[in-house]
Amino acid sequence: MNSIGSINSFVDTMLESKAQFENIKASFEQKSDLLDDIINNFRQEIESILNVKILVEDEDMQRLYNGASDELVKMLKGVTNSIENIQKGMKFITDYEQSFNVVVFGKVKAGKSYLGNFIMGNVIRDLGISSSYDKFERPKVEVYDRGNVSTREKLSEISEEGNEGFRVDPNEATSAIQLFKLGGMTWFDTPGIGSVTWENEMLAKDYVDNADLIVYTSNSDAAGTRQDFTEMKALYEKGKTFLLLLTQSDAVEEDCDDDGEIVSVILPKSDKDRMDTELYMCNTLRDIGIPSLSQGKEILTVSTKLALTALENHDEEMFQASNIGKLLDILKEITKNEGAALKRKTPGNRINATVNDIIDKLGQSNSKLEEYRRSLLDKKQSLSERSDELLVQMQHQCLTRINRIIRQKSNEVEGNGSAITGEALTQMLSEEICKVLRETCIDEFSESCDILSQYTEKLQLENVGELKMRTDEITYTLHKVVRVSRDPEGLWEHVCSFFGKQYYRSDVKDVEKKSMVKLGVNEQQIQTLAKDRLAELFESEVPDMMKKICDYIIKPIMEMHELAEEYIENAISGLEKIKC
């Protein structure tokens, strides 16, 4: 097919496809609403966590809390940005849902605008060439520049090309998105990668994310830069359909005309140079995981300048060498055969890309939070180890204090002889134990007051017994001499006995006696019993109290982590379900 035939076939297909795309309506509203619902609910959940401010005296724990809170705030900002981007993207899709949207994307000075100028057809009309472009009015260029929208009857100047076409002045117009409609296709020219400001590149990428087809341009003299492959890899991972055009594949040589004057002659680059460049790009793309682009179709070397020169000179061979005819055929076939499917696919891909972006942000934040969580668990372990040390220290201190009290009270008993009941003594000792625990715990863990108050009744010793004087009953035998009457002995005693005399003898009689002996106060007995009761307390209630103190200190921050993790996991699960 000759040059005009290729042009007419392309233009006619664009005109015919207009009705096809006018009947397509992207059905993404429900998915978009679900996405909004999930994110709004997630935002409310995270904000409810952040609204609860936690202040602790432990500097390490406060740092861990502040770090986690900052990460949650950062995550929300990232998610909000993603949602704002998709909202802009969905507006773009809605605004241009009745056309096949082709976005030209690439580095500056890659001939993007020059190519767009050719596709629009005005330069062909200006050459006086009759074509299917004559079937409709000259397209108007819509310019979106720094928030301002304007419409022009003709294209702005291209400062780098020197011909009428899109503006690419890097100081004045790189913030502009320029577009025109050609039948069922809308052609978007974006600011070049590497333009003056980062914002301009982001603007270009916003349009790329929402395109139905992307034409990526790279100057054939400097094709295959790291940035080229990075950008194309990103397009591929987003599921975008794109063509790679290696532009400005021409060379200018000097020659003499018939009058002997030196003139510049434009020529195509050699077939070998073109094939080598295409093959290099094809192989490198395959190496980085993009196997679907093939030479001569998705990867094509072109020269717009060569095509225009060929049309002007009616040089069919030169037009074929420009490969612009082949590009028009490729665009025609994609629009005719794949356009509707790509058009329907774009909103789903956009939602999927946004969902994946949000899931990635949530996953990264979750990983950061997990680092803080591990540090928190380390802190909890540290508190537990410190608690074990304090248990030994407090038990020793309690024993010293209660022995001192027992000794003091023992002196009082010994002095006045009044015993101290077991109930009263036990109460004094229990109060002293609570005092020791309170002083130590508050000094170490200032947040422990609430837990200590809960344990006041539990930190009571069992009855240690009455503190009193010890006595002992001693039984002894007393030898007592008693006089016992006896019978008279001998003649004389009998004579005397006759006259009434009584005779006696001395006997020794053993008498058993009992006596109470004071042995001193039962101090040692009470101390031993109190020590045993204290040991029981430190085996049961006190360790449990210390564990609860440690848990109480760390619990609010740990709960924040657990809630955040739960909310993130729920959000990710919900997002996975709405993928198209």
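User: Where does His314 sit?
Analyst: This is a predicted model. In it, His314 lies in the loop between α9 (304-313) and α10 (316-322).

User: What is its phi? I mean His314.
Analyst: Phi of His314 is about 55 degrees. That is a positive value, although His314 is not a glycine.

User: Is His314 buried or exposed?
Analyst: His314 is exposed. Its relative accessible area is 69%, and the cut-off for exposed is over 50%.

User: Which residue other than glycine has a positive phi near 65 degrees?
Analyst: Asn323 has that phi. Asn323 sits in the loop between α10 and α11 (324-416).

User: And Asn323, buried or exposed?
Analyst: Asn323 is buried, because its relative accessible area is 12% and buried means under 20%.

User: New topic. What is the strand order in the open sheet of eight strands?
Analyst: The order is β3-β2-β4-β5-β1-β6-β7-β10. The pairing is mixed.

User: Which strands stand at the edges?
Analyst: β3 and β10 (299-301) do. Each has a single partner strand, so one side of each is left without a neighbour in the sheet.

User: How many degrees is the twist from one strand to the next?
Analyst: The twist averages 20 degrees.

User: Back to β3. How many of its five residues are buried?
Analyst: The number is zero. So strand β3 (residues 148-152) lies largely in the open.

User: How many bridges join β2 to β3?
Analyst: Five bridges join strand β2 (residues 141-145) to β3. The two strands run antiparallel. One of the pairs is Glu142 with Thr151, the partner in β3.

User: How many bridges join β2 to β4?
Analyst: Four bridges join β2 to strand β4 (residues 176-182). These two strands also run antiparallel. Here Asp145 has Ala176 of β4 as its bridge partner.

User: Let's zoom out. How many helices and strands does the chain have?
Analyst: The chain has 16 helices and twelve strands.

User: What share of the residues counts as buried?
Analyst: Of the 580 residues of the chain, 46% are buried.

User: What about contacts between residues at least 6 apart in sequence?
Analyst: Among those contacts, 76% join residues at least 24 apart.

User: Last one. What is the accessible surface of the chain?
Analyst: The accessible surface is about 30100 Å². Carbon and sulfur atoms account for 46% of that surface.

Definitions and conventions
Residues numbered from 1 in each chain as written. Predicted model: local features only at pLDDT ≥ 70, side-chain atom pairs only at ≥ 80, totals over all residues. Heavy atoms only, no water. Buried < 20%, exposed > 50% of the residue type's maximum accessible area, 1.4 Å probe, protein only. Contact = heavy atoms within 4.5 Å. Areas by Shrake-Rupley, 256 points an atom, 1.4 Å probe, with all protein chains shown as cover. Pairing = 2+ DSSP bridges. Axes fitted to C-alpha atoms, helices over the stretch in contact; angles between N-to-C directions.
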